[in-house]
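Here is a short briefing on aromatic contacts. Please look at the rings first.

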Amino acid sequence: MKRYFLFSLLFKKRIMAFSGLIGGSLLLTACAGTSGFSWSSLSPLNWFSHTLEVSEQGVGKVNKQTDMNLSVIQQGLDNRYRLRSGMEMKNGQFFSVIQGMEGDQVRIELSGLNNGKVAHIIILDEGIKTAWGTKIGTSFSTLYDKAYGACQRSDDIITVQQEIVCIAPQSRNISYVFTGTWNGSEELLPPDDVLKTWKISRIIWKAN
């Protein structure tokens, strides 16, 4: 089972029925794809919202005790995104998937058992940092001296770029996906002197 993925590439691979686009009106839904513009940013609820943060517990107020429910997650993410929901099947079980959108871009994705709790969050939003200041774009050399013991090759067959996945030094609940280029074997970890320039492309949180 492939654990890591970029959702923007998944539309060809996964069949999902999305619904419940929070943000309300038909006009808002129809215009949600306007390039480079987030309708949700116009909401007064967002004017005073705090910056979301990834910690060992979760993202914002969303954690392993949070229901896979659109309205609950909307509040837990400080009304930062429009949400849409769907379903997928893994290992014979149905999972709920909720995406947070800005314009036509997926900025965060949450998943968990259908009618269950949040178990997995993928952060694609460059504006979200971890409690230790790490964010998308942070280089490998900022966090690690070497990959051995912390990193492994990504098993995501969908991505078109080379990737490795590293456990955060501060918490095993958080992983960083680093992306870069290397001309060596796809079965091996690139050497540390190559990895030092690779950068975080997404942050992953998972429940214990």
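This is a predicted model: local features need pLDDT of at least 70, side-chain atom pairs count only at pLDDT 80 or more; totals for chains, interfaces and linings use all residues.

Residues are numbered from 1 along each chain as its sequence is written, and side-chain values use heavy atoms, without hydrogens or water.

**Aromatic pairs**
- The structure holds 4 aromatic pairs (rings of Phe, Tyr and Trp, its six-membered ring, with centres within 6.5 Å; planes under 30 degrees apart are stacked, over 60 edge-to-face, the rest tilted).
- One of them joins F140 and F178 edge-to-face, at 5.3 Å centre to centre and 75° between the planes.
- F140 belongs to helix 4 (residues 140–143) and F178 to strand 11 (residues 174–180), so this pair ties together parts 38 residues apart in sequence.
- Helices (H or I, at least four residues) and strands (E, at least two) are DSSP runs, numbered from the N terminus.
- Y144 and F178 have ring centres 6.0 Å apart and planes at 80°, so they too pair edge-to-face.
- Y144 lies in the loop between helix 4 and strand 9 (151–153), 34 residues from F178 in strand 11.
- F140, Y144, Y176 and F178 form one aromatic cluster.

**Burial**
- F140 is buried, at 1% relative accessible area (buried is under 20%, exposed over 50%, partly exposed in between; 1.4 Å probe, protein chains only).
- F178 is buried at 0%.
- Y144 is buried as well.

**Charge over a ring**
- The charged end of K90 sits over the ring of F95, 4.5 Å from its centre (NZ of Lys or CZ of Arg within 6 Å of the ring centre and within 35 degrees of the ring normal).
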